[in-house]
Structures are given as C-alpha cells and as structure tokens.
Amino acid sequence: MKHQPPKWIERVLEWYCHPDYIDEIKGDLYESFWVWEHSKGRIRAQFLFAINTFLFLRMYNSRFSQITYKSTSTTMLGHFLKVSVRNFKKHKSYNLANIIGLTAGITISLIMSLHIKQELSYEKSYPKHDRIARVAMNHEWAKSSPVFAEELQTYFPELEAVGRFARYMGDVVILSKDENKFISNNVFQADQPAIQIFDFEFVHGNPAVALKRPNTALITEAVAGSIFGNKNPVGETINVNGNRVSFEITGVIRNLPENSHLKADMFVSMPTFYENIPQNWLESRSWMVMYTYALMPEASYLEELNAGLGEFQKYYLRDVPELDLTENDRMATMRLTDIHLKSDKIQEMGQNSNIIYIYVFGALAAIIILIAAVNFVNIFTTLTLKRTKEVGLRKVIGANRKQLITQLLSESVFSTVFATILGIGLCLLALPFYNTLVDLKISVFEVLVLKDLLLIFAGAILLGLISGLYPAWLVTGESITSTLSSGGHPQSNISFLRKGLIVFQFMLSLFILIGTVAIERQMNFINTRDVGYDADEVTAIRVYGELYGKLQENRKGIFSRLRSIPGVKQVGLSSDLIGDPLSVEGFRPTSATEDDEYPSTNMMWVDENYIEVMGIELVNGRNFHSKQDTSVAFIVNQKLVDTWGEYPMGKMARFRGETGPIVGIMEDYNYYSLRQKIEPMALCYKPSWAGNLLVKTESAGSNQTMVAIEEEVRAIAPSVLFYCNYLDDKINGLYKGENAMFRVFRVFTILALVISCVGLLGLAAIEVQRRTKEVGIRKVLGASGSQLLSLLSRQFIMMIALSVGLGVPLSYIAINEWLANFSYQITLSWWIFAVPSLVLLILALLVVAGHVTGTVKANPVNSLRYE
Amino acid sequence: MKGTTIGEFEELCLLSVGVLGDDAYGMTVKAEIEGRTGRKATISTIHSTLIRLEKKGLLESRLGGATEQRGGRTKRLFTLTAVGQQVIEEARNIRNAMWDDMRDRVVTGSL
C-alpha cells in the first residue's frame with residue numbers, strides 16, 4: 001500500500017473548500033502526491049503536498065465566499081442602511097443628540113477605564129511580581145529591622161531570596177560628577193538578592209556582584225545619561241551631595257517602570273550601609289529601617305508564610321521575656337502587587353494610591369456609561385415609536401416580523417458601533433489633556449490591547465441589541481390596522497419603562513453632583529484648615545557639602561548675611577520638611593525606669609529659629625536659645641503631653657543616649673498630612689543634624705529675592721549645587737491624589753449632567769410634539785398658558801422629584817464611606833444635599849419648560865392644522 | 001464583452017484542453033503546459049484558471065474518471081465550448097494577421 005499524505009492538511013482543505021470543488025481538488029492533489037512520491041521520495045512529496053494544499057485556499061473555491069451565494073438578508077442590509085440614514089436626516093437633531101450623548105459617555109468611561117487599568121498594572125512589569133511579598137515587622141509599619149531579612153531567610157528556607165532596601169539619606173540627594181548633576185528624591189541602599197528578586201535589567205555591569213562591595217552603587221540609565229552621557233560609566237565614581245562621599249559605579253540598569261511603587265534612581269550597595277551604622281544599631285531587632293521583600297517559590301506560598309509568621313515572630317523575639325503582642329504588633333505580609341493600591345502603612349516608600357480611587361473611578365465610569373446608555377435607549381425608543389407607520393406599510397408589503405426586528409436592531413447596532421468608533425477616536429484625542437489633569441502618564445498604546453477593543457465593540461453591539469429590542473418588539477407587535485389608522489403612536493403615555501429610565505438617570509446624575517460638592521468641601525477644608533504652621537513663603541534649601549561645613553563654622557554669620565537680603569524675614573534649620581516621614585524613636589524622661597511604658601516619638605532636629613520660621617505657636621515655656629541650650633534640648637507637642645500623663649515641662653529627657661531639658665510645649669502642628677493623626681512629637685535642638693535651610697520671605701516666589709538668595713548661597717559655598725523647593729508645592733503634593741480625583745469629578749459631573757439633560761430634552765420634545773393637537777384644543781377652549789405649562793411639565797417634574805428622593809440617601813451613604821478615609825473630616829450639612837437637588841430640579845424644569853413654552857405660545861390654528 | 005478577452009496563460013490552458021481532447025483535467029493540463037513551455041505551474045493555479053474559464057463560458061466540464069492514484073476521487077474533465085473555440089481561433093487570427101503585416105513590412109524594406 002502506498003503512503004498517505006498528511007491527514008490534517010486535508011482537513012484544513014475540507015473545512016475551507018466549497019463542497020462543489022472539494023472532490024476534484026483532493027483528487028488532483030492525491031494524484032500529484034503519487035507523482036511526487038515516485039519522482040522525489042516520500043518526505044518531499046508530503047512537503048509539496050502541504051504547500052500545494054495551502055495554495056488551494058483561494059477565493060474562487062472558498063465556501064465562505066459571498067460571490068456565488070448572495071442571500072436576501074444581506075441584500076436587505078444595504079437597504080436598511082439607506083433607510084436608517086434617511087431617518088437620521090429626518091430627525092437630525094434628536095439623532096445627533098443621541099449619538100453625541102453616547103459618544104461622550106463612551107469616551108469618558110473609556111478614559112476612566114484606561115486610568116483604572118494603569119493603576120492595576122502596577123508592579124506587573126517585574127517578571128516575578130506574583131511571587132514577591134513585602135514582609136514587615138508589624139501591621140502598622142512598612143519596614144523592618146536590618147537583621148530581620150536574614151532571620152526570615154533562615155527560618156523559611158523555601159524562600160528563594162530575601163532582599164532589602166533602605167532609604168539613603170533624607171529627602172533629596174544630589175548626584176554629581178564634575179559639572180553634571182542629577183537631583184534625586186529616591187536613592188536606596190539595596191542588597192544583592194534584591195537584584196534577583198526584581199530582575200533589574202542591566203545595561204552595563206555584572207548583576208551577580210553589582211552590590212557586594214561597600215561604597216559601590218548601581219545607577220539607572222536616566223542618571224547615567226545626564227551625568228556620564230553616552231559612555232559606559234562602570235568603574236567611574238559618582239559624588240553624593242557634593243564631594244564628601246563618592247561611590248564607584250558597578251552597573252547601569254534600565255529605568256525602573258513608571259507603574260511601580262519602587263522608585264529609585266540609584267542603588268547604593270548594602271555593605272555601605274553596614275559600614276556607616278554603629279554595630280548596636282545593626283543588631284537591633286526593632287529598628288524600623290529596611291524594606292524587606294521575599295521571593296516565594298510560588299504565589300500560593302504566601303498563605304504558608306502567613307501561617308508560619310506567628311511562630312517565626314516568637315523565634316525572632318526570643319530574647320524578649322514574656323512576649324505580649326497585640327494584633328497590630330504581629331508581623332505582616334503584603335503582596336507586591338497589592339502595595340500600590342492597598343498599603344497605607346507608616347513610612348511607605350512613597351505615597352501610594354488607594355483602592356478607593358479605583359472603586360470611585362470605576363463607579364463613575366459605570367455611572368456615566370449607564371447614563372449614556374439609558375439616554376440612548378430612551379431616545380431610540382421614542383424615535384422608533386414614531387415610525388409605526390413605516391412598520392405598518394412594510395407589513396402591508398409583506399415583511400414578516402423577524403425581518404422588521406432585524407431592520408430596527410441593525411439600525412440601533414449601527415448607531416452604537418458608530419458612536420463607539422467616534423468615542424475611541426475622541427479618547428485618543430482627549431487623553432493628553434486627561435494626563436495633565438490627573439498628572440499621570442497613561443498611554444493608550446500601552447494599556448489598550450486588541451482584546452479590550454474586541455470587548456468594547458462587543459459591548460457596543462450588545463448595547464445596540466438591548467436598546468433596539470424593546471422598541472422593535474413594541475412596534476412590530478402592533479396589528480397592521482392599528483399602526484396605519486391611529487395617529488401613529490401605539491401608546492398614549494410615555495411608558496413606565498422610559499419613565500423609570502429617566503428617574504434612574506437623574507438619580508445617578510444627582511449622585512455624582514452631590515459627590516462632587518462633598519469632595520470639593522472636603523478638599524477645601526483640608527487646604528485651608530489650620531494646620532498649626534504657616535508654610536507660605538518658606539523655601540527649603542538643601543544643606544550639604546561645603547554649605548554644611550560653612551554652617552557648622554559660622555551659622556550666625558551666614559544667617560545674618562541671608563537676612564540682610566531685602567525680602568528675607570527669617571532663616572532657620574531643620575532636619576525634615578512638612579510631609580517627610582519623621583524618624584520615630586524612643587524618648588522618655590530620665591526619671592523613668594526601664595519598665596515604664598512611653599510611646600514612640602516622632603523626632604525632628606532643628607535650630608533656634610525653626611519655630612519662628614514655621615510660625616509654630618508655643619503654649620508654654622520658651623524657644624530654644626543658642627546661648628542657654630549648650631547641649632540638646634527639647635520642645636514637645638501637646639499630644640505628647642497628653643500621652644505621657646505627666647507634665648513634662650522642665651523635666652530632663654533622654655534620647656539616643658543624650659539627656660537634655662524639655663524647655664517648651666508647642667501646639668500640635670500637622671507635620672505630615674491631614675490623612676494621618678498627629679502623634680507624639682518632639683523637636684530636638686541640634687542644628688548640626690539639620691539638612692534643610694529654611695528661608696522665610698516676604699512674598700511667595702518673589703523672583704528677585706530668590707535670585708539674591710541663590711547668589712548669596714553660591715557666594716558662601718561656591719562648590720555647592722543650589723537646590724531648593726517651595727514648601728507650599730511640597731505640601732500640595734501630599735494631596736495630589738485627592739486633588740486629581742476632585743478635578744476629574746468636577747469635569748465629568750458636568751458632562752454627565754449635560755448627557756442627562758440631553759436625554760430629558762429629547763423626551764420632552766417628543767412628548768410635546770405628540771400633544772400639540774391636545775394643547776391646541778385646550779387653548780381654544782380657554783386654558784391659560786400657565787395651566788398648559790404645568791400640564792405638560794408635571795410628569796417630568798414628578799420624575800425628577802422621585803430621582804432626588806432616591807439619589808439623596810444613596811449619596812449620603814457613599815460620601816460617609818469616603819470621608820472615613822480622612823482623619824479630619826467635614827460635617828455633612830443638609831445643604832450639601834439640598835443645593836445640588838435644587839440645581840438639578842431647576843435645570844430639568846428649564847429644559848422642559850423651555851421646550852413647552854414654544855408649543856403653548858403657538859397659535860392654536862397652526863397646531864390644530866398640524867399633519 | 002466579458003469573456004472574450006483572455007490572457008496568455010488562459011490561452012495556453014484553452015489550447016491544452018483542445019489538444020488533450022477527452023482527457024483534459026487539472027493534472028494533464030498542467031503536464032501539457034509544463035511539457036510544452038518548460039514553465040512550472042502549480043496545480044492550484046491551473047485549477048483556478050480552468051474554473052475561471054468555465055465561468056467565462058469558454059470551457060464546459062463534467063465529472064468522471066476516478067483512478068486509484070486519485071484515491072478514488074473524480075476528475076473534472078474540461079472541453080472547449082463553441083465560444084472557447086472561437087476565442088482561441090480569434091486570438092490566432094489576430095496574431096496571424098499581425099505576423100503577416102510585419103512580414104510585408106520586412107519585404108517592402110520599411111523596417
């Protein structure tokens with residue numbers, strides 16, 4: 001028996017080919033195969049068979065080809081398209097309003113979906129993202145101690161790696177080499193396993209040893225580019241904050257992804273950290289300094305890890321007698337992919353987003369698309385009902401119900417698909433503006449993939465089908481005589497369904513309107529609330545290198561030089577700025593014994609002018625004084641006084657092995673953001689530890705003054721790279737998320753309202769048109785204008801009133817939920833709900849009345865002659 | 001008019017069908033063309049051309065003649081229609097006429 005050609009190839013042909021031809025083609029191919037087999041051998045014959053079979057996949061013999069078989073239903077599609085275009089032209093304004101409303105809705109919800117998708121994409125670009133978890137020493141903190149990682153790895157040998165990051169220096173680090181500099185807010189110390197866990201992509205250098213030696217560092221391409229240009233910087237040195245410290249570069253990695261909570265420009269090797277920190281600190285089991293990440297063998301291992309943490313904690317704290325842990329003291333894990341949206345712990349790497357924004361944005365997108373869809377259904381239904389005559393006539397000619405429904409459905413689907421295409425186009429155009437609005441970098445081409453597009457169009461077709469089905473069913477179900485004889489409208493009233501839809505639509509509009517007002521109130525409250533300090537007109541200048549040295553030598557002299565600049569009011573020093581995470585340390589009176597409990601205290605190191613520069617009020621005691629306070633001294637806040645339970649004024653206190661008097665008590669000022677409650681806090685008098693020079697000027701951003709300050713600083717310390725920022729800008733940055741959300745809300749609420757009103761307008765217009773004759777007759781009989789007005793608008797007003805009744809409680813619940821996120825909240829007063837409701841009512845009234853008045857005023861002769 | 005103008009390859013196919021008489025189907029037409037011109041043609045190209053010519057009305061076909069090599073499948077056997085016959089004759093006449101004119105010119109020496 002001779003060999004058979006491959007079967008599966010034949011099957012492709014059988015599937016594709018028209019049955020009329022399949023037999024002869026297969027015959028020819030088999031015959032060819034036979035010839036080839038004899039002349040060229042089996043292998044080549046099979047190959048040729050395959051190629052020749054695929055060459056047979058042509059139009060002329062395809063069973064999918066429409067050329068030979070043209071069904072009547074496809075012929076009719078062309079006709080339907082023509083009729084729908086004519087209908088569109090006939091009611092141009094309604095149809096246009098309909099399409100515009102839907103397009104706007106689609107555009108907005110598409111943009112919001114992109115935003116959400118971007119937020120959800122965080123950390124996904126790390127190849128092992130699903131297997132990485134951050135492990136922290138308790139539920140409140142994001143951090144852990146230096147020894148924690150090693151212990152964790154030993155206790156859980158299944159973990160493939162445990163890596164650590166620790167922030168290098170404070171807030172701003174200036175990297176430089178010769179003339180070139182790079183200002184970074186994010187320099188971390190990292191250890192070798194971190195490279196393995198996060199798979200940093202190396203451009204230069206050896207990943208296996210990059211972070212092993214002290215005083216070496218990895219830089220990103222961005223840093224390498226701006227400092228070293230195009231050449232390979234491996235082996236070069238880079239200066240940090242002037243030329244006091246420099247690191248050898250061991251590698252260059254690709255810039256870290258934008259959508260990651262880990263933002264770093266440089267990684268200094270962990271051995272550097274170990275060289276600079278005293279041994280007893282390194283051995284501390286409670287010093288919160290490291291961000292510890294574990295690479296698990298598989299994503300599901302996290303449960304095992306969580307289950308084992310309790311025992312591990314006992315092992316870890318084995319030296320602590322009588323371990324008594326509250327729920328919050330227990331160790332905690334957090335999946336890497338959850339950090340951006342769900343983690344809001346003390347001392348995160350940076351400000352994370354909040355899952356609540358995803359919900360709010362998702363809800364907003366859903367509401368707007370819902371409003372637009374409801375609108376579409378409503379107007380489309382109304383317009384279809386006007387076409388009963390056409391349907392009747394078609395029936396007379398012989399159309400069956402299925403054909404008629406197909407016609408109407410194809411029209412609605414055509415409209416929704418058209419609106420979707422427009423919406424996608426508009427989304428592409430609008431995205432750059434949206435990006436500026438929310439201060440993000442969303443790129444359509446990165447976020448939107450083919451699958452999403454298919455989904456969007458599937459949604460559009462579904463919407464078209466749903467919105468077309470009801471009116472189509474209604475209209476085509478009428479008997480021929482009733483459609484042709486009566487005035488043309490099968491139902492005398494706006495149906496219950498359409499009323500319900502309008503109510504629903506306005507309820508949603510009201511919901512987001514009230515939401516916007518509430519958010520505006522809350523944000524205003526936060527922005528204008530008395531925070532206990534006055535940071536307007538304060539500029540922070542980074543102190544390092546030569547400037548630091550000069551300040552040590554002659555602080556007084558430099559201060560008076562700066563103060564002599566016109567416009568400068570006062571100059572001070574501090575270790576941290578508003579919004580910086582403060583060092584949290586043990587702080588207790590010297591009289592206390594070891595067993596006494598004292599709360600951890602936020603510490604900041606300042607000079608004698610800080611209180612004055614920041615406008616902080618002293619409740620009791622005195623300010624620091626450079627002559628009196630020869631050693632350390634402290635000023636504590638009210639909160640600390642409350643938690644200590646004893647009046648600390650004048651007491652001696654110990655901190656980091658040094659003792660000094662508590663000389664004053666200050667008001668609780670909000671050193672972080674209003675999202676956090678104020679905790680016990682103390683200012684420590686130690687100017688030599690302060691890295692920021694604070695300059696208070698007369699008026700904010702007066703350029704002349706700023707230029708003069710910069711020149712003066714350059715004159716004092718010529719080698720220093722001047723870097724400053726306005727404290728106000730920094731503080732505003734703390735509320736970036738809320739502010740962006742608020743801007744989005746404001747814009748989209750207006751759009752949602754417009755869409756709703758368009759819907760109402762369309763419905764009112766058609767309703768009025770329907771009752772033109774009735775109005776005419778009533779007028780002839782003597783009805784007054786206002787009577788007619790109330791007659792026509794009554795049911796609309798009722799509908800809006802109903803939506804207010806439903807929308808107010810709904811928004812009350814939602815807003816309360818949102819406000820729970822803030823430590824300082826507005827109280828919800830009645831007018832927050834009343835004013836938007838009233839606005840909505842008046843707006844709806846205007847829309848309806850505006851339309852009705854025209855009909856009411858018209859001469860009844862004209863209206864009675866109508867048709 | 002559709003069907004009266006044909007391309008060179010189509011002409012070759014028509015001629016082959018004419019030459020092959022009762023046994024003109026995809027494989028034989030392919031062999032004929034390859035044998036006479038030395039060109040290679042794939043079986044699918046031949047088949048689609050033959051079907052096209054049938055649609056133009058220049059060929060007609062019937063099914064028949066299954067063989068073992070074909071796995072027992074039928075052949076589509078083609079024969080020239082009257083129109084097909086006319087078209088290739090016309091093509092030949094046009095060429096002949098042109099050849100004649102060219103020869104005349106060579107003879108009268110105006111080339």
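Trainee: In which helix of chain B is Ser44(B) found?

Mentor: Ser44(B) is in helix α3 of chain B, residues 43-55; a helix here is a DSSP run of H or I with at least four residues, numbered from the N terminus. The model is predicted, and local features need pLDDT of at least 70. Residues are numbered from 1 along each chain as its sequence is written.

Trainee: Why does Ser44(B) count as buried?

Mentor: Its relative accessibility is 0%. Buried means under 20% relative accessible area, with a 1.4 Å probe and protein chains only, so Ser44(B) counts as buried.

Trainee: Which residues does Ser44(B) touch, not counting those up to four places away in sequence?

Mentor: They are Leu55(A), Phe56(A), Arg58(A) and Tyr60(A); contact means heavy atoms within 4.5 Å.

Trainee: Why are α27(A) and α29(A) called oblique to each other?

Mentor: Helix α27 (residues 772-780) and helix α29 (residues 831-857), both of chain A, pack at about 50°, with axes 9 Å apart. Angles under 35 degrees count as roughly parallel, over 145 as roughly antiparallel, 65 to 115 as roughly perpendicular and the rest as oblique. The pair is therefore oblique.

Trainee: Which residues make that contact?

Mentor: Thr772(A), Val775(A) and Lys779(A) come from α27(A), and Thr855(A), Val856(A) and Lys857(A) from α29(A).

Conventions
Chains are lettered from A and ligands numbered from 1 in the order in which they are written. This is a predicted model: local features need pLDDT of at least 70, side-chain atom pairs count only at pLDDT 80 or more; totals for chains, interfaces and linings use all residues. Side-chain values use heavy atoms; hydrogens and water are left out. Axes are lines fitted to C-alpha atoms, for helices over the stretch in contact, and angles run from 0 to 180 degrees between N-to-C directions. Helices (H or I, at least four residues) and strands (E, at least two) are DSSP runs, numbered from the N terminus. Buried means under 20% relative accessible area, exposed over 50%, partly exposed in between (1.4 Å probe, protein chains only).
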